[in-house]
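This report describes a structure by its domains, its chain contacts and selected elements of secondary structure. Please consult the sequence and the model shown below while reading.

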Amino acid sequence: MDAAPAPPGPREGPTPLFGAYGIVKRFGDFTANDRIDLEIRAGEIHALLGENGAGKSTLMKILYGLLEPTEGVVTHQGDIVRLANPEAARALGIGMVFQHFSLCENLTVAENIALVMPAALTGRALAERIARLGQDYGLHLDPARPVWSLSAGERQRIEIVRCLLQDPKLVILDEPTSVLTPGEAEALFSVLERLRDEGRALLYISHRLDEVRRLCSRATILRAGRVVGSCNPRAETARSLAAMMVGTQVNEVQPRAARRAGAVRLVLDRLSLPAPGLHATPLRDISLSVAGGEILGIAGIAGNGQPELFDALSGESQAPVPEAVRLDGRPVGHLGINARRRLGAGFVPEERNGHAAIPQMSLSDNALLSRHATAPLSRFGLLRRARARELARRVIEAFDVRKAGPDPAAGTLSGGNLQKFVVGREILAEPGILVINQPTWGVDAAAAAQLRQAVLDLAGRGCAVVVISQDLDELFEIADSIAVLHDGLLSPPVPAGATSRAAVGLLMGGAEETGAEAGETPAAPARRALVQVP
Amino acid sequence: MRLDLLPRARRSPWLDLLSPALAFAAAVLIGGLAVAAFGVPPGQAFLAYFVAPLSEAWSLQEVALKAAPLALIATGLAFCYRANLWNIGAEGQVVIGGLAGGWVAIAAHGSEGATVWILPAMLLAGTTAGLAYAMIPALLRVKLGVSEILTSLMLVYVAQLLLDYMVRGPLRDPQGYNFPQSVGFDEAARLPALMTGESLHAGAPIALLAVLLATLVLARTLFGFEVRAVGASPRAARFAGFSDARLTLAVFAISGGAAGLAGICEVAGRIGQLQPEISPGYGFTAIIVAFLGRLSPPGILLAALVIAVTTIGGEGAQIDLKLPLDLTRAFQGLLLCLVLGADVLTRYHIRIVPGGAGGGALP
Amino acid sequence: MSLDILQMVLVTVLTAATPLILAAIGELVVERSGVLNLGVEGMMVLGAAAGFAVATETGSTLLGALGGAGSGLLLAALFGLLTVGLAANQVAAGLALTILGLGLSGLVGAGYVGMKRDPAPHLHLPGLTDLPGIGHLLFGHDAFVYAALLLVAGTWWFLWRSRAGLSLRAIGDDHTATHALGLKVRRIRFLAVLFGGACAGLAGAYLSLAYTPFWAPAMTAGRGWIALALVVFASWQPLRVAAGALLFGGATVLQLHAQAAGLGLPGQLLSAMPYLATILALVLLSLGRRRGGSPAPAALGRVFAPSR
């Protein structure tokens, strides 16, 4: 980049604080960013909108010096700069708040912050600065706490404090509200607005349109690695923004015609499980029941026991008493996952790569993974490969899984297509009970709509479905009733029509925030809040 | 300078074959330089190491004799390593297998009628003993979470000392002039030679059979799928309903049993009695063989032959060219290093970025 | 037991513990950075051979020690290139290193089998060393022993008091997060691996230059593996490594004395004691740790291949 061309001039208005021009980033054959131009000015919150896989994260990593662009330049106040590494980016005043926090779990808050501070700043001096900044912005932290003991909201505070301690000119925030309760998000917005008013630039990456319309004065929209438009989001509707992001009209989910109230098929009865590991959540006294044809949504912020609850339902971890989990009336708490599958249950875990599927293995091997005990895929211990391939082919066809080659490795599929495969693999077995964790996490809108429709249709055929999700929109779209998982406790489920996002959001932050009145049991205010808050 | 690794979307089969071949060529090249440093013309050394062992009937038999235990042990180890479990104590399991099987032979020494069942009993005892010995690290890992790497290795020393004690003590030949060795086994307690008057014994077909069986099991059975799944992703394997503990015990049983069988084949075949040392480090060399063969049984068979050739060649080179035996061992270690390094070719595109100021740079 | 006999016993314990301390401290730093190098035995035995060879050729124990450390470092560089640079499997590469080290040590040491040279000189401070009861224990060792103790203190300071140590621990905890922050994950890991190699080489040189002092093939006799176990046993804490090594040294000395005293136990059983004790120590440790997770660095043994 020594003989770079003259810096491209601003396309409009004064010289931007930071500019990215003609950014191309290729990974092998895949082009993640294709000739992207972006200008960011001081004192603005600039939204970078796009679906998962649109190239937002790649662009952001280039701006933070984590990735080198294949082509294109980045400018700072009109001068071309080379962002060789994050240190260089920080030196130019670029700070980053990561979505998947870049924190070391076993280090303390202060140690995590010290990692990017000048070497001389340690111990008490650092703690004082953390405290002063915390006071200033209302971002309170205990420097001596280990990170693993903190909630997602507190972890994000560390990220923000760490970023602000370097007095950045540009703060990049990657999906900052995806792990926050509505209340925590409100607090974050006021911090961001204050940073803007201090004259800093903010690059706000999100796919949540209401947030963007509230906070941002300009938006750049990415689709499939390219800029497809830029606008003032306040002048747009959520619908028009969505259309730009997605490109095509996304199918609305068809509501089911009639609800059949079937017999109860899945019951958890006062299930308690100790935390399986050092940094895991114990499940406490969880009860629920789901009837055939019903979809129970379980809301909650990550880290409140979702994987633990999923494992307890699936049999990957077993209950202390058989009666704690019942499928169609049969106690199964002591049974493993395959025994539960044989009783007609199906499971889709949250993590596609390395839990629901093995990325290095072919799709037919991945069909074997969850179906070897329930489908006739082996005889006398010998595999029947043709049948596994046939099963994979049926899933691929039924769910329109896009792939390259006849039987490719699961890891070569895009997130949405792999998710369609692992969901389809279970749905084609026509389970009587389906437990699905984060069904559309990181999936593009079209695939998400298709998956939700498939789950609704399955319930319509009499299946009892549990959907664990962090996405409230999703739950309100498909669930009949909603319960909230917080710190390993499950609130009593209430009909989706009788509650609101705000009520659920409050519970996600912990029932105690609802202001329990004296004399009431902890569960009681939870229920009240869920039903009554408008 | 910085070394960047870009993951390949898919593995290409010809690179899978090419990468160990490249590694082998590089090792031979470096070996040639080393040999030249000892004042021996590399060409001559090459002939001694790689060609001479293949040129005569007796040396071919020697190659097969050496390759058989290596292939047998490495095939068992492949099950472990594929499942990401690290039994590195096969040498101890070889020794215990040889000791237990040999004990049976000594106990039956000279008894009438002990002709038909003695050899099967020895093989069974050896296999079971190796299996049982491998169960110690496996159970410690499953029940208590103790690292199987360290315990299995420590047990090698214990096994060797136990054999030493037995051969110098309880199992010593009373008429053996105090030599530390047992009585010679009866003819019925020896593995039969494949051709009369030759040294190649039934250990080779046993190893071949094991390789065939393992190929079938790994590629065609649900258990083989389980091994591969646990190795690739333990979490996904649990989702498939495969139990970590059960699989750990199973693969340790397989590798321990194979090593024990190799041990008793060695004792009942080539040696014919118990001695303080019954294995020239087969259990350790088999680790090289397993990786050199890319943990696939047919590859392991080929790798075992290659290692056997270089070992026999090394013995010849020691006599003819005065090249030290340790050169062979260093060569084998280097070869394994290079194979592991070359493996990166199959998984990543390598890009070398010149220039100093890069993040994540290597010196 | 008189004070002087007690002192003599303690001196031998410390002597037996020194190679373990040196090798284990090196490996501790490597593992704290998230890399598992199982090749300690190989680097150690090469260090023993190279150290003895250099010392014999130059007549200098210091150069011998440096030679031993240097040879361990070179071997570790190969390991670092494979595992840190090329993302190879660390367990397999460590085993390869052990085998390669054993072979190379045989080549290097071939000409020196059976040779003897004077052991490394011991400190002698008139007045102090002759103090009854504690003089020899405090002021009568060779430089290796003091170097080992300094290394323990220095490593403790480095890990818990220095910024570089903080970076190293952070990288061992989560390489993805630290990489995202711009820390030079691979460079720091490579340097840690080199340090571990130098320590292991020095430990080997101690064996051939001070402990025995001669070269014999495979003379490390599994000490490298015991050092690896010590790191686990010490929960990745430098001071506990020293304590564990002293316990182990004590067991070794006890075993030697028992052998000499002729208790009627087979010699092989006594020789097997260190290995059985290692297993026992690991078992007891995990029994005591049934609840809660492992204190191992979270990224230990995981492959890291960043893309740019």
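## Basis of the model

This is a predicted model, in which local features need pLDDT of at least 70 and side-chain atom pairs count only at pLDDT 80 or more, while totals for chains, interfaces and linings use all residues. Residues are numbered from 1 along each chain as its sequence is written, and chains are lettered from A and ligands numbered from 1 in the order in which they are written.

## Domains of chain A

Chain A is divided into domain 1 (18-93 + 168-246) and domain 2 (264-355 + 414-498); such bounds come from an automatic or database domain assignment. The C-alpha centres of domain 1 and domain 2 of chain A are 34 Å apart. Six residues from domain 1 of chain A and eight residues from domain 2 of chain A form the contact, where two residues are in contact if their C-beta atoms, placed from the backbone, lie within 7 Å.

The side of domain 1 of chain A that touches domain 2 of chain A has two nonpolar, three polar and one charged residues. In this classification Ala, Val, Leu, Ile, Met, Phe, Trp, Tyr, Cys and Pro count as nonpolar, Asp, Glu, Lys and Arg as charged, and the others, Gly among them, as polar.

## Domains of chain B

In chain B, the domain assignment gives domain 1 (1-38 + 324-363) and domain 2 (57-321). Taken over C-alpha atoms, the centres of domain 1 of chain B and domain 2 of chain B are separated by 30 Å. Eleven residues of domain 1 of chain B are in contact with ten residues of domain 2 of chain B.

Helix α13 (residues 326-347) of chain B gives the most to the side of domain 1 of chain B that touches domain 2 of chain B, with eight residues. Helices (H or I, at least four residues) and strands (E, at least two) are DSSP runs, numbered from the N terminus. By class, this side of domain 1 of chain B has nine nonpolar, two polar and no charged residues.

## Contacts between chains

Between chain B and chain C, 47 residues of chain B are in contact with 49 residues of chain C. On the side of chain B that touches chain C, β1 (2-7), α5 (118-144), α6 (148-168), α11 (282-292) and α13 of chain B each supply at least two residues. Helix α13(B) gives the most to this side, with 13 residues. The residues of the side of chain B that touches chain C comprise 33 nonpolar, nine polar and five charged.

The contact between chain C and chain A takes 18 residues from chain C and 22 residues from chain A. On the side of chain C that touches chain A, α7 (163-173) and α8 (175-180) of chain C each supply at least two residues. The largest share of this side, six residues, comes from α7(C). By class, the side of chain C that touches chain A has seven nonpolar, six polar and five charged residues.

## An open sheet in chain A

An open sheet of four strands in chain A has the order β2-β1-β4-β5, with antiparallel pairing; two strands pair if DSSP finds at least two bridges between them. Its edge strands are β2 (30-40) and β5 (79-81) of chain A, each of which pairs on one side only. From one strand to the next, the twist averages 30°.

Strand β4 (residues 71-76) of chain A is joined to β5(A) by three bridges, and the two run antiparallel. The bridge partner of H76(A) in β5(A) is D79(A). Helix α1 (residues 56-63) of chain A packs on the sheet, touching β1 (18-27), β2 and β4 of chain A, and its direction makes about 120° with that of β1(A). Axes are lines fitted to C-alpha atoms, for helices over the stretch in contact, and angles run from 0 to 180 degrees between N-to-C directions.

Strand β21 (residues 481-486) of chain A is mostly covered, with six of its six residues buried. A residue is buried if 20 or more other C-beta atoms lie within 10 Å of its own, exposed if 12 or fewer, and partly exposed in between, with C-beta atoms placed from the backbone. S481(A), A483(A) and L485(A) point one way from β21(A), and I482(A), V484(A) and H486(A) point the other way. Strand β13 (residues 295-299) of chain A pairs with β21(A) in the parallel sense over four bridges, and the bridge partner of L296(A) in β21(A) is S481(A). Two bridges join β21(A) to the antiparallel strand β23 (residues 494-495) of chain A, where V494(A) is the bridge partner of I482(A). In the hairpin of β21(A) and β22(A), which has two residues between the strands, D487(A) takes a positive phi near 55°.

Q450(A) lies in helix α14 (residues 445-460) of chain A. Q450(A) is buried because 23 other C-beta atoms lie within 10 Å.
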